[in-house]
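Below are some notes for a colleague opening this entry. Please keep the display at hand while reading them.

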Amino acid sequence: MTVARSVHDVLDEHVRFEVECIDRMYLNVYVPGLQYAPGLVAYVHQQLGLPIASTAPLAKITEAFAGVVHRYARDNNVAWVDFAKGQRKDDVMHEHLAGFTGTDGVVFIGRAQEKTSLFRTEKRRDCNGDAYPWIVKTTGVVNQFYFYCLDDDFGPFFLKFCSYFPYNAKLCINGNEWAKRQAAKAGIGFTPLDNGFAAIDDPAALQAICDGLGPDQIDALLRKWLARLPHPFTAADRQAGYRYDLSMLQVEFSLTQMLDKPLSGRVFFEQVIRDNLDVGRPDQVALVFDRRLMRRGPRATPGLFRTRVITNGVTPSLHIDYKHTRIKQYHKEGKALRTETTINDTTDFSIGKRLTNLPALRKIGFTANRRLLRVQSISHDPITGPASLACAWVNNAATPCSRPCRCFGCNPTDSPTKTYAPSSPTCGPSRRTNSQPGRSPMTCEDYAPVASSPASRTPTDTPSPTTACIPRCSCPPFTTDSCRPDWPNSPTQASRHCGKPPAHTSRHSKTSATQQDSLHNDAHPNTPTQT
């Protein structure tokens, strides 16, 4: 019987190194005082000096901003791309990045129409029937300007500006790319992996670098490129306090564990999937995230508690949901086990969205990855399978035919379909007798090749692939009882091997009279077949 173990305990025996790092981060770049209608009214009155608050004067700012972006692309010889509907922007980025020779600069500028939140002015009437403008927050499809850049510290990233008031932006970075550049600057040798590391000279130093990514570094990146790129707010606006700030929309926390036997890693992960299809149930999710779940009542925990197995091509992945948070686990590029916790709403864990809360969110994300590995169980360790088989082959080759079964090591030059049978009619020694001191181990001379045809059973016949390996000790080929520890003392087995009818039978050891006669004739070739 095999006792199930946790995936964490099994991986301790097969992981060469592991890295915890922030992966992708999708950040909201916004001006805090302009996210609600009263703030817009104050901006129109105080900064623009207009007596009536309306979004109509903001159209001039939008047109001026679009003109500045086109002028920037023309003056700096930056490629311009108008994205088509359904086009993958990352693919376009990879194409332009392949031909980009610099280490720090704008790769290209893209334009796309997307739905976003904005302010509009609608006409309302008072109790006397007089019309007046009223600002409301709504949604609309407007132009978005994508600045795809390459930073010396963060690598590839993009900054997307909305062309309509309040001119919010989105910043997307990759923490693993930041760690690669910091490791290269520190002189640490490594082999890159897509969003990770395939090999590293100093794992402890790399982990210290990954732990150093925080709000200060991300905010410095934003300030650096806001000073370079065009944006709609002037210096006077910034002096008045209308400055961009950062909040977290989506953060991925990854744990990459490089396996010592990558070829067996796929088999290992598939076994993890088979043994943990119930990991998405509420009781398991509560253990993974260390949260109390309420399934009923007015304050029931929202969300779909499920386990999903999604196959992309031929690569399966395991998905677990908790509110707006997702955990994804997969075998990365055939080399490592990757566990990613993606937090789409920080309020799921009673944490604010400001970037200053990143350290607290980091603790929750990385802890969830570790707790998942401890909650998951696996029935056996598939990674040790090839090594165990090779060990069995070597042991059988050193001591040929020491087990009453089809032997791997009898003679490596023999065909795997060759059949052996007892060379004498006597009931040979049992396994226990064979292991007694003073007796040499069984060798291939104790076997004689026979044919499987009942009409001709001579040692010179061509072996048949349908026959079995029958040693001198008369072990029944491929039966369940032959693997029992009490086999030598079993009266059923003893009587069967000595040619006597068994005293009792079971559903595993039942043998027909014709099969017994066949075994008897194999041991006595000169005895005619009974009918």
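1. Phe108 and Tyr148 are both buried, where buried means under 20% relative accessible area, exposed over 50% and partly exposed in between, with a 1.4 Å probe and protein chains only. This is a predicted model, in which local features need pLDDT of at least 70 and side-chain atom pairs count only at pLDDT 80 or more, while totals for chains, interfaces and linings use all residues. Residues are numbered from 1 along each chain as its sequence is written, and side-chain values use heavy atoms, with hydrogens and water left out.

2. The whole structure holds 28 aromatic pairs; rings of Phe, Tyr and Trp (its six-membered ring) pair if their centres lie within 6.5 Å, and planes under 30 degrees apart count as stacked, over 60 as edge-to-face and the rest as tilted. With ring centres 4.7 Å apart and planes at 10 degrees, Phe108 and Tyr148 are therefore stacked. Phe108 belongs to strand S4 (residues 105-125) and Tyr148 to strand S5 (residues 131-151), so this pair ties together parts 40 residues apart in sequence. Helices (H or I, at least four residues) and strands (E, at least two) are DSSP runs, numbered from the N terminus.

3. Phe233 and Tyr244 make an edge-to-face pair, 5.6 Å centre to centre with 75 degrees between the planes. Both of these residues, Phe233 and Tyr244, are buried. They also belong to a cluster linked by ring pairs, whose members include Tyr43, Trp80 and Phe161.

4. Which residues of H7 are buried? They are Ile218, Leu221, Leu222, Trp225 and Leu226. Seen down the axis of H7, these fall within an arc of 125 degrees (taken from the directions from the helix axis to the C-beta atoms), so they line one face of the helix.

5. Strand S14 (residues 336-343) has eight of its eight residues buried, so it is largely enclosed by the rest of the structure. Ala336, Arg338, Glu340 and Thr342 point one way from S14, and Leu337, Thr339, Thr341 and Ile343 the other way. S14 runs antiparallel to strand S10 (residues 245-259), joined by eight bridges, and antiparallel to strand S13 (residues 325-332), also joined by eight bridges; strands pair if DSSP finds at least two bridges between them. Thr341 has Phe253 as a bridge partner, and Ile327 stands opposite Thr341 as well.

6. The largest nonpolar core has 95 residues, and Met25 and Ile218 are among those touching the most other members. Such a core is a set of buried Ala, Val, Leu, Ile, Met, Phe, Trp, Tyr and Cys residues joined through side-chain atoms within 4.5 Å.
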